[in-house]
Amino acid sequence: MFERRAKIPVENRDYAVFYIVFSGILFVGTVWSVWDEVRTRRPWKDYQAEFYQLSSEKLDSLRLASLQEVDSTQVLELQAILKKAEESLTSEEYRKAVADKDQLSRDLDIATREWRFARSRSDAAYYQFQKAKLEGRDVAPYRKEVDEHEASIAKHFAEKNHLEMKISGLDEVINKYKDAHAKAQVELQNVFAQAVAFGAKAENMRNNPVTVRQVMLNDFELTPFQEIKARIDRCQTCHSGWNDELMAEAPQPHTQHPVPELLAKHNPESFGCTPCHRGQGPALTEGFAHGVDDHYWETPILRGNDVYATCNSCHTNESTLKHAKPFVAAKQIIFESGCYGCHEIKGFTDLPKIGPPLNTLMAKTQPEWIFPWVRNPKDYNPHTRMPNFKFSDGEAEAITAYLVSVAKQSSFSFERPRGSFAGGNAAQGRQIFETIGCQGCHAVGNATTVRDARGTTFDIAPELTRVGSKVSPDWLFDWVKNPRHYNNETRMPSLRLTDTEARHIVAYLMSLKDNRRFAPASLDLSNPEKITAGDRLIREFGCAGCHSIKGMENEGKVSVELSDFGRKKYEQMDFGDTHELSEDDTVDYRENADGTVSVKHSWRGWVYGKFKNPRQYQTERIVQKMPVYTFNDDEVKLIRLFLISMTKDVPLPTYQRTYDKRMQDIEAGRRLTMTYNCIQCHQLEDRGGYILPLYQEAALGPPPLPESQGAKVQEPWLHSFLKNPTTIRSWINVRMPTFNLTDAEIGKIQRYFLGLSRQDFVIRDYAATPMDQKYVEPGRKLYEIYQCAKCHPTGSNTEGLTAEFLAPDLAKAYTRLKPEWIIDWMRDPSRLQPGTRMPTFFTEGQEAPDPSILGGNNEEQIKALSTYVWILGRRSAPVVTK
Amino acid sequence: MKTIFFFAITVFCSAALVAGDVTGKVSFEGKPGAPVRLRMDADKFCAMAHKEAVLSEELVVNKNGTLKNVLIYIKEGVGGKKFDIPKTPVVFDQKGCIYMPHVLGVMAGQELQVKNSDRTLHNVHALPKVNQGFNQGQPVPGMMKKNFQKPEAPFKVKCEVHSWMGAYIGVFSHPYFAVTGDDGSFTIKGLPAGEYTVEAWHEKYGTQTLKVKVDATGKATANFSYKAG
Amino acid sequence: MLEAFKKTEVYKSIFRHSYQDTQRNRALQIVDNVFLHLHPVRVPRHATNIGYTWGMGGITFLLFLVLTITGIILMFYYRPTAQYAYEDMKYLMNDVPFGPLIRNMHRWAAHAMVLTVMLHMFRVFLTGSYKPPRQFNWVVGVLLLVLTLLLSFSGYLLPWDQLAIWAVTVGTNMARATPLLGHEGPFGPELGMQPDNDVRFVLLGGTEVGPPTLLRFYVGHCIFLPIIAAIFMAVHFWRVRKDGGISGPETPKKA
């Protein structure tokens, strides 16, 4: 191609073609870059246009629907009325009135003018009069003139008044017609008002400009160099429909944001979007805004349930968040699994060890049980929280030897003599076990109702299916009578068992044996080398993080701190021998048919694989100490969610949630109730009540809502109740156990309940609550007429009534309940305790059921009944005022 | 615009001019079990109110082999039509510690008069899922007015003082429902011509559906049959 | 009328000579122009054979000019402090109209300039254009190469993202090992070189890459290095002129 060109002398060669071609390319390139800049890189313009179109279409269809619903007979009527009103405006009467008014108005103008002139003339005359008086001349003619003018003023004034009166009379007539006409017009318009409104909105939508929308949060966070930085969110530019109800079903990016109650508290207009959803706020294209195409963006958008992780950035240490249930569930798993035993985690620092102390094991069990347990806990109890350390036989033996040697040095002895347990009946024991509430925490065999209600793969109390092969009966008797004797930090409460009951239970539990056959292991437990090896292993694997062991009280946490784990780069993570899943794969983790595992090389993939099997990434040379947990898929995802929230990159304190004293009290109370696992039986703040399906005798109803206790019960009573629970509802077999709480702990619980009820902790003398004398007798009458005693027995008067009917003994009310609560309760029981069997007797706006007492006034009758209940059962006279 | 709607209204109205009925019977096959006697010992008043034994109304088979207390209603075919709410209230009474009637239907927004004709404490605890429930005590003879705003499938009403008392209420957005009586038959009047799905509901044996067509003559039949066991 | 305008003093002071196509005018147009007078008035025939040099040196210079102009535009939107550097870059990319275009042009031109510098160097070597009397110009060229690479390196830090900081950290860590002047280099510690007073410290304005480094690199990238480069380019072009103009094939020796 270039041979012909090579023949031309070099200085004569023509470069025109090259110039034109390259100029053309440059031109095209320039045009492309301008187009790219203005349109291609600004997809938000298209999204907004689409949104406006969708929205206006919807509004149009609503307008049409509204028009459809218009009652055309009504429209015809109103139109007829309007026509008549219009016609009336042409009627004789109206026209005459208008004409008359015109004429009279003109006359009035004239009269007013004349009146004013007369006044001026009078002033002038008066001046002359005064002047003459001053000058000593004769005032009579001037006075006469003044008087004449005054008369003239009066005359014109009267005329003016008269005209005004007539005009106002005419006005009445005129306005009658006009008002009728206006009213008819307005009524006709109102019929179409809604449609017109929709139409106007639709038109607005069509004319909206396409513009960037942003929210600026000044002084939001710190850069890595500790400089204050603002945050700018432009998400609304594409997601224009986030606040539009009509867009609830629209496709993304126009969909309305779900959970409007949550948005009301975190208004995106002042809060932005990225503090919760992450992503790159200032970017205006999808890939960059979501932080996905921008590979170096460290906080890409959080999808699905992961969005709840960011709640922790501002709501640090809040255990219950109404709108973030997945995160709350994740926190609960961390709390109950005891991850903080090995890992330092912010917000989980002052928590008790989740495992029992290991200093006196020989009183409880024997080495033949300890050894297989240490080797694999899940073998004995598949739902235990203790994970599997995968010790070899030798290692397990060493640990057992150490524990046995520690136990031998203890001086623990039982409270009662050996053999006290004997004489119980296993069948009766089973009956007691199943009725007083043990199943609320302990599962046995197939009785897994409570575990299913909880929904976790682990139990918080040991499963007792094989307990007969684990413990000694002496220990068991000692334990069920008083758990704190063996372990003074245990969370197992005392069920206040009598000796007989305890013996029955021991007989029952000891009958639950492990029926599998094991080859007995020969253990060399007194070998000092083994004991030393056991000591070393226990320290190395950090057992002291979960168990108290003598001599190891000062051991530190054996693994890494997780408070910033969410920001760890996956490039720093070790994937061991697992295969790699490509970035485009839909899952993060896959178990292959040949037994190997493929993990996506990302933070999410690594974490998922880690919790599926914590020893996943172990290789021949790199050993891992983390023991193996058996969480299910949902739990793994929740734990991952929790770890996403572990980041030090949080907004500045001005944006964080501040906790007043009340919230702090509530949070302290929550932690305490989580420690003692109150939610297993009671429902607290929408969680818990797992025991309900078990004891759901249809009419029994749920255990009382502790949240209401702050407003409901007297503080001294609650204190003594929590110290020593008494029976309030004697017909129910399930017992509230005795938790052996300290005074400080009871105080925390009190303040928790009071905080929830928004009341302050004040010392009151309830006995001195004054009661009005005039209510006593009517109250007694009402008590009889309304037959309260039909359900509320006093004393032991329960003949003929079965459990479904019964209600608490009201004779005890004055010691237990707050007087103002009694009144609230009587007004509307189902508001204070939804689902209660107590009926509502008084409905607002309606007369009381018996109108003869106290004039049938609801409030008065309520006061009367409350007064009567308050003095019921008292032995000493209450304080009664006139 | 106005003409179109005038037209539409005329068309709608004309459709209502032709009205038909659906009649039928609910039969019961097989032997019902022995009737359960209600024990009213817990309340003297209730025990004394009845000379003979009171039987449970859970399953009442009439002498002619039909089933009583079956609620029949139109499930589909009515469309989104709006109906006037009848001014007459439906009466729901507690007499002799028994609810009367045992099964009833009411229109959404229609007034329900809840009466206590006994001189003892009753309470009416309604347990709907869609509507707002209530638990109202009636310690003395009297009457209270209630109404349900939304249509709902039949739900239970019980008394906390007397556990044997129970009744069922169904709420509908249209007036096309009926309850079978002592002869096991029912009639639903006033249906415009068209195809409908009729559903029968019984508290123990559940629901059954049938399709019927109300034609120009205005009559249609729907017979249901429940089996024991 | 145009003729009369051409006779005014104003016109004559701007356009010094007429444009008739005479040899004199042709020469004057080049010689009288400040931008063009570095070019020879006349070129040898072989100079028109662009296939000999492909104009790599000239393209490099063209890219340098592109970089300067786009760089100046970028300077309007960038503040070289740790607090603002990254944000300004993001602002440029997201908000400023044609911002991405300018930034990308700057970056592409930078990469292309390094490439064309290499190609130019290869060409000079392969055509033997370093031989006497052009040895010194080769040295100047090498200096220009170093300056080009330093400009690239200093510019890399300016976005102040993770990539920038760590790349510069790795690069400047080499300075520790400088003999005599680095605190980990031969004889460095003996001469009292500490991490806080050696040549790396001077480079970074601190012991690690931080805000002073950014400012230092910015000033270097925008003022210091371009001026030095301009000076050396002037020398380089002057030497090319004086040493006989653009390279060409060996002229056959006359027998």
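Trainee: How many helices and strands are there in chain B?
Mentor: This is a predicted model, in which local features need pLDDT of at least 70, side-chain atom pairs count only at pLDDT 80 or more, and totals for chains, interfaces and linings use all residues. Residues are numbered from 1 along each chain as its sequence is written, while chains are lettered from A and ligands numbered from 1 in the order in which they are written. Helices (H or I, at least four residues) and strands (E, at least two) are DSSP runs, numbered from the N terminus. Counted in this way, chain B has two helices and 17 strands.

Trainee: What percentage of the residues of chain B count as buried?
Mentor: The C-alpha trace of chain B spans about 70 × 40 × 25 Å along its principal axes. A residue is buried if 20 or more other C-beta atoms, placed from the backbone, lie within 10 Å of its own, exposed if 12 or fewer do, and partly exposed in between. Of the 229 residues of chain B, the share that counts as buried is 35%.

Trainee: Over which residues of chain B does pLDDT stay under 50?
Mentor: The predictor's confidence in each residue, pLDDT, runs from 0 to 100. For chain B its mean is 83, and 92% of the residues reach 70 or more. Where pLDDT is low, the predicted coordinates should not be read in detail. In chain B, the stretch with pLDDT under 50 is residues 11-16.

Trainee: Which residue of E15(B) is the bridge partner of Glu195(B)?
Mentor: Two strands pair if DSSP finds at least two bridges between them. Strand E14 (residues 194-202) and strand E15 (residues 206-214) of chain B run antiparallel and are joined by nine bridges, with a hairpin of three residues connecting E14(B) to E15(B). Within E15(B), the partner of Glu195(B) is Lys213(B).

Trainee: Is Asn69(B) buried or exposed?
Mentor: Asn69(B) lies in the loop between helix H2 (44-49) and strand E2 (71-76) of chain B. Its phi is near 60°, a positive value in a residue other than glycine. Because 23 C-beta neighbours lie inside 10 Å, Asn69(B) counts as buried.

Trainee: What is the order of the three strands in the open sheet of chain A?
Mentor: The pairing in this sheet is mixed. Its edge strands, each of which pairs on one side only, are E3 (579-581) and E4 (589-591) of chain A. E4(A) runs antiparallel to strand E5 (residues 597-600) of chain A, to which three bridges join it. The order in chain A is therefore E3-E5-E4.

Trainee: At about what angle does helix H23 of chain A run to E5(A)?
Mentor: Axes are lines fitted to C-alpha atoms, for helices over the stretch in contact, and angles run from 0 to 180 degrees between N-to-C directions. Helix H23 (residues 603-612) lies across E3, E4 and E5 of chain A. Its angle to E5(A) is about 145°.

Trainee: How is Arg496(A) classed by its C-beta neighbours?
Mentor: Arg496(A) lies in the loop between helix H20 (483-486) and helix H21 (499-510) of chain A. Although it is not a glycine, Arg496(A) has a positive phi of about 55°. Because it has 16 C-beta neighbours inside 10 Å, Arg496(A) counts as partly exposed.

Trainee: Which residues does Pro778(A) touch, not counting those up to four places away in sequence?
Mentor: Pro778(A) belongs to helix H29 (residues 776-785) of chain A. With 18 other C-beta atoms within 10 Å, Pro778(A) is partly exposed. Two residues are in contact if their C-beta atoms, placed from the backbone, lie within 7 Å. Under that criterion, Pro778(A) touches Ile853(A), Leu854(A) and Ala864(A).

Trainee: How many residues of chain C are in contact with chain A?
Mentor: From chain A, 13 residues take part in this contact. They divide into six nonpolar, two polar and five charged; Ala, Val, Leu, Ile, Met, Phe, Trp, Tyr, Cys and Pro count as nonpolar, Asp, Glu, Lys and Arg as charged, and the others, Gly among them, as polar. On the side of chain C, the number of residues is 16.
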